[in-house]
Amino acid sequence: MAMNKYMHPRNIYKSPPNFKQLALDYPEFREFLKQDITGKVNIDFQNVKSLRALSCTLLKNDFGLEVEMPLNKLIPTIPLRLNYILWLEDLMSLTGKKEGVKGIDIGTGASCVYPLLAAKKNKWSMVATEVDKESISYARKNIERNNMQDLIEVTEVDKNTFLKIIAENGDYDFCMCNPPFFASTQELGSGMNTRNLSRPRPKNSFCASVNEVVVKGGEVDFISCLINESKEVGEAVKIYSTMVGHKKYLPQLKKLLREVQVTSFKETEFCQGNTTRWGLAWTFCQSLDLKKCPDPMKLVERKLKSKDPLCFKLPVVEINDLHFCSATDRLLDIFSSLQMSVEEVTRKNNIRRFFVSAFSNNWSNQRKKRREKNRKMNDSLDSVGEYSGSPSSEEHKLQSPRREDDNNSIDYDAKSPGKRTNHDHFEGAFIKKLKIIDNEPTIFFKFVATIKYDDYITLELDSFDNTYNRDYLHQILQYIKNNFQSSD
Ligand SMILES: C[S@@+](CC[C@H](N)C(=O)[O-])C[C@H]1O[C@@H](n2cnc3c(N)ncnc32)[C@H](O)[C@@H]1O
């Protein structure tokens with residue numbers, strides 16, 4: 001989940017779900033897990049059934065919700081859906097209303113995921129609209145399955161209606177919408193089957209029916225109609241909101257908001273995995289200033305500042321494509337020599353990003369480790385010598401570590417004795433013990449390595465999520481600095 005650090009600060013999925021534990025607790029989920037050669041347990045993101053199993057299991061485990069999702073309809077990604085609900089919570093805090101909150105979900109889908117989350121998490125009562133009969137039937141069953149008929153009601157609407165018919169008879173605190181994003185199947189296809197081969201393949205399988213994601217005029221027309229209707233509905237809904245799938249449409253949507261004279265509006269970003277969506281909210285209430293809503297992204301960015309990535313300008317002869325490629329290869333060799341596993345997550349002309357997993361601390365104290373190994377080797381040779389005579393000095397020389405290696409090794413004893421902690425040793429030893437018991441590698445430390453090429457060729461090392469260990473990042477970077485120019 002590349003962008004997890006940019007998730008809403010209250011999103012429980014900032015730390016990736018523990019698939020192993022979920023497999024133990026939910027046998028129906030277990031069958032969708034697979035283990036790679038490093039022992040890492042994951043699900044097949046290309047398989048729709050696996051994605052459905054993951055979404056259903058997270059809803060059950062984290063929210064106590066039982067949800068049935070047909071395979072021919074959209075399978076909601078729960079961390080992304082939760083980001084939207086959390087943002088609505090932030091927006092609602094501006095109204096000061098804590099109880100009896102009423103919302104509308106436009107286009108609820110078969111899962112009815114937003115109303116179920118909103119009702120379960122916050123006891124908000126929700127009216128869910130939908131045009132698709134099959135989805136309506138599933139949505140109603142999902143509400144019954146969770147005994148939420150008191151809080152959620154599904155209403156069938158005409159496809160040319162957005163919220164007028166619902167909202168003009170009531171008084172609502174908010175409305176939300178995840179609109180169909182695409183104007184045509186071709187547009188949908190171009191997003192899925194990119195012709196740019198340098199882009200990584202989408203990690204997730206695509207699972208939705210065309211009607212759910214394609215609409216005449218695409219999301220921009222859909223949201224424009226919603227904005228125009230909201231003008232007519234006015235203050236009957238306090239805060240209007242929608243998700244926006246493509247950033248390029250934000251300027252024209254914001255222009256329309258100004259034209260219909262909203263009193264204030266606010267935008268945000270929803271990040272999950274490699275996916276970013278945008279949120280747009282507006283109001284006609286004079287008493288509300290949506291600009292005052294705390295921006296989750298700003299909060300996250302502020303927190304991250306003290307933890308900016310570590311940067312290193314790579315010593316290359318020239319700044320060009322060829323040296324960018326060979327620098328990347330050299331870096332991958334170094335990771336491989338440290339027995340780290342590498343997963344490429346971004347590949348563009350001038351940027352490549354990798355998730356790197358280390359299974360033990362192989363990067364620090366190289367010199368000390370070699371000295372110890374050497375001492376052990378000498379001890380054993382000495383003892384062999386008691387029976388068969390000492391090895392010749394020539395043999396000794398051959399078995400001694402090569403001196404030039406030392407130039408490439410990092411010596412924390414000499415350079416920064418205070419940096420290495422007992423904790424490091426203990427953690428390493430503990431992991432090793434676990435590895436023996438489980439007989440499978442356990443990730444000791446995971447980080448993100450980004451190699452960029454603009455005026456310079458630069459390496460950035462960053463923590464993966466909140467398992468932040470700045471010391472390890474510094475040590476790994478130092479190891480890379482020491483070894484980058486060596487081709488051993
Ligand atoms: C992208 S899906 C979102 C489904 C669900 N809310 C989710 O986030 O997983 C859009 C949904 O809007 C529905 N829809 C399309 N036009 C609509 C309209 N005018 N009113 C209500 N729902 C509509 C589609 O049938 C589809 O289920």
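Visitor: At what angle do helix 13 and helix 19 pack?

Guide: This is a predicted model, in which local features need pLDDT of at least 70, side-chain atom pairs count only at pLDDT 80 or more, and totals for chains, interfaces and linings use all residues. Residues are numbered from 1 along each chain as its sequence is written, and side-chain values use heavy atoms, with hydrogens and water left out. Helices are DSSP runs (H or I, at least four residues), and strands are too (E, at least two), numbered from the N terminus. Axes are lines fitted to C-alpha atoms, for helices over the stretch in contact, and angles run from 0 to 180 degrees between N-to-C directions. For helix 13 (residues 321-337) and helix 19 (residues 470-483), the axes lie 11 Å apart and the angle is about 120 degrees.

Visitor: Which residues of helix 19 make the contact with helix 13?

Guide: Contact means heavy atoms within 4.5 Å. Helix 13 contributes Arg330, Leu331, Ile334, Phe335 and Ser337, and helix 19 contributes Tyr479, Ile480 and Asn483.

Visitor: Which residues of helix 19 are buried?

Guide: Buried means under 20% relative accessible area, exposed over 50%, and partly exposed in between (1.4 Å probe, protein chains only). In helix 19 the buried residues are Tyr472, Leu473, Gln475, Ile476, Leu477, Tyr479, Ile480, Asn482 and Asn483.

Visitor: How far apart are the end C-alpha atoms of helix 3?

Guide: The expected span of a helix is 1.5 Å times one less than its number of residues. Helix 3 (residues 48-63) has 16 residues and should span 22 Å, which agrees with its end C-alpha atoms being 22 Å apart.

Visitor: What covers the buried residues of helix 3?

Guide: Among the buried residues of helix 3 are Leu51, Leu54 and Phe63. Their cover includes helix 1 (19-25), helix 2 (27-30), strand 2 (41-43), helix 4 (78-92) and helix 5 (113-122).
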